[in-house]
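I opened this entry to record what I looked up in one chain. The notes follow the order in which I checked things.

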Amino acid sequence: GEPLHHKLAGTIDYLTTHQLQSQVLSETLEKIKPPENCVNLSVPLVNAQIWGHLNTATKAQDVRLQRILKVLSTGITAFARTLDGDNVSSDQQDALALLCNAQYEINSLRKSSIKPTLNPKFAGLCRPVTAPPQHQLFGDLAKQVKELDEEAKTVGLMKPQQTRPHPYYRQQPNSSWKNRPPERAQRSNPPPSQQVPRPFLGQGQQRPAWKMRASSSSTSTALTQNTVCTEPPLTLEVRGSGSSHAVASPPAQI
């Protein structure tokens, strides 16, 4: 955006990075009083019926927010007194709207911090709503509690809506992956002392029955076929009767 006057820009930079002294801050807050015809520029207090039941941490947090609201509302009052009600520029209107919205957000934050300590039945007290000027954070508590009771009765008369299940989704019992045992536990190896040594390349293992039958049938088939022996038969001499006979040896294994 357009630059500010260098003196004004320096003052803003200093004030946004340095905290005011406590004495200067208290004197300024006492000097600027909120206007009597603008009730919402005063810091609303928590209703006594609720404040008495809050814990220490929630009370301390709300007190800090009250101090911030006090400074903010005083700044809004000081800025508003510099304006001419009949002649307000567009920038002045934007500045006033932003400052007032900041105060509204802080009050909503105060309600949100108190909501966890309330009965869920009365959680509606903390919802952001447009309310008339009030001196208390939750306004007329008795009136709002009565309205919440009537609202609860009205909601109880309505039939709860049932959600239609998806036609393509069917949940199987115990089908969740969380119910499955880990695979590592099932595949755990026994200790080395209990492991049985395995033979190398199948040595020492008993062959299956179907392999034994196939081997014996192939052997018998080979033996029944007319095998041509390329090597000449060995001639063995049988001595003892003075004559020799030729005895053919079986063929060598391939």
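**Gln-103 and helix α5**

I began with Gln-103, which lies in helix α5. Helices here are DSSP runs of H or I with at least four residues, strands are runs of E with at least two, and both are numbered from the N terminus. The model is predicted, so I kept in mind that local features need pLDDT of at least 70 and side-chain atom pairs count only at pLDDT 80 or more, while totals for chains, interfaces and linings use all residues. Residues are numbered from 1 along each chain as its sequence is written, and side-chain values use heavy atoms, with hydrogens and water left out.

Is Gln-103 buried or exposed? I found Gln-103 buried, because its relative accessible area is 5%. The cut-offs are under 20% for buried, over 50% for exposed and partly exposed in between, with a 1.4 Å probe and protein chains only. I then listed what Gln-103 touches, leaving out residues up to four places away in sequence: Asn-40, Leu-41, Ser-42, Leu-69, Leu-72, Ser-73 and Ile-76. Contact means heavy atoms within 4.5 Å.

**α4 against α5**

I looked next at the packing of helix α4 (residues 56–81) and helix α5 (residues 90–114), and I noted an angle of about 165 degrees with the axes 10 Å apart. Because of that angle, α4 is roughly antiparallel to α5. Axes are lines fitted to C-alpha atoms, for helices over the stretch in contact, and angles run from 0 to 180 degrees between N-to-C directions. Angles under 35 degrees count as roughly parallel, over 145 as roughly antiparallel, 65 to 115 as roughly perpendicular and the rest as oblique.

The crossing of α4 past α5 is left-handed, meaning that the near helix is turned anticlockwise from the far one by less than a right angle; clockwise would be right-handed. I sorted the contact of α4 with α5 by class and have 14 nonpolar, eight polar and two charged residues. Ala, Val, Leu, Ile, Met, Phe, Trp, Tyr, Cys and Pro count as nonpolar, Asp, Glu, Lys and Arg as charged, and the others, Gly among them, as polar.

**Two residues around α4**

Gln-66 has its place in helix α4. I recorded Gln-66 as buried, because its relative accessible area is 18%. Its side chain and that of Asp-62 are joined by a polar contact of 2.6 Å. A polar contact is a pair of N or O atoms within 3.5 Å; within protein, one must be able to donate a hydrogen and the other to accept it, and residues adjacent in sequence count only if both atoms are side-chain atoms. Not counting residues up to four places away in sequence, Gln-66 touches Val-43, Leu-45 and Arg-110.

I moved on to Thr-82, in the loop between α4 and α5. Thr-82 counts as exposed, because its relative accessibility is 61%. The side chain of Thr-82 reaches the backbone oxygen of Phe-79 at 2.5 Å.

**α2 against α4**

Helix α2 (residues 22–31) packs with α4 at an angle of about 55 degrees, the axes 10 Å apart. Leu-25, Thr-28 and Leu-29 in α2 meet Lys-70, Val-71 and Thr-74 in α4. By class I have three nonpolar, two polar and one charged in the contact of α2 with α4.

**Whole chain**
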